[in-house]
Amino acid sequence: MDFSRSGGFAGLDERLHIDADGTATVTRKGRAGKPVQLTTTQLAALRKALSDPALDAPADAPADPRACADAFQYEIRTPSWRGSADDCNPGTPAMQKVLSALTPLLQATS
């Protein structure tokens, strides 16, 4: 699966790739970090969040981009699902759980 967080005041561009075996690699500004193995707790939380059928529910309409300056944009891709959100429109509660599981992994795999 792939997760990206971009934007913000500093113009971040962070990408997280997680293999099926739980090996995770973060790429920042085109430079990949050292792969790490996620813990069983991290993988379980992520799998639980991604298995929520509510992820298929439609999200609210996107916010006016002018009203959401310097916000982060998030994109998630799995083999069977794709979702996106931003700080002004964080999506459904199910999407928020996925983001809550993924965002800390950007730091944990540094």
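Two strands are taken as paired if DSSP finds at least two bridges between them, and strands (E, at least two residues) are DSSP runs numbered from the N terminus. In this predicted model, local features need pLDDT of at least 70 and side-chain atom pairs count only at pLDDT 80 or more, whereas totals for chains, interfaces and linings use all residues. Residues are numbered from 1 along each chain as its sequence is written, and side-chain values use heavy atoms, with hydrogens and water left out.

Strand β1 (residues 2–7) runs antiparallel to strand β2 (residues 12–18), to which six bridges join it, and S4 has R15 as its bridge partner in β2. Four residues separate β1 and β2 in a hairpin, where G8 in the turn has a positive phi of about 80 degrees. Six bridges also join β1 to the antiparallel strand β6 (residues 72–77), with G7 standing opposite F72.

A search of the whole structure finds two aromatic pairs, where rings of Phe, Tyr and Trp (its six-membered ring) pair if their centres lie within 6.5 Å, and planes under 30 degrees apart count as stacked, over 60 as edge-to-face and the rest as tilted.

| Pair | Centre to centre | Angle between planes | Class |
|---|---|---|---|
| F3 and Y74 | 6.3 Å | 0 degrees | stacked |
| F72 and Y74 | 6.4 Å | 50 degrees | tilted |

F3 in β1 and Y74 in β6 are 71 residues apart, and F3, F72 and Y74 form one aromatic cluster. F3 counts as buried because its relative accessibility is 2%, and Y74, at 11%, also counts as buried (under 20% relative accessible area, with a 1.4 Å probe and protein chains only).

Key. Buried < 20%, exposed > 50% of the residue type's maximum accessible area, 1.4 Å probe, protein only.
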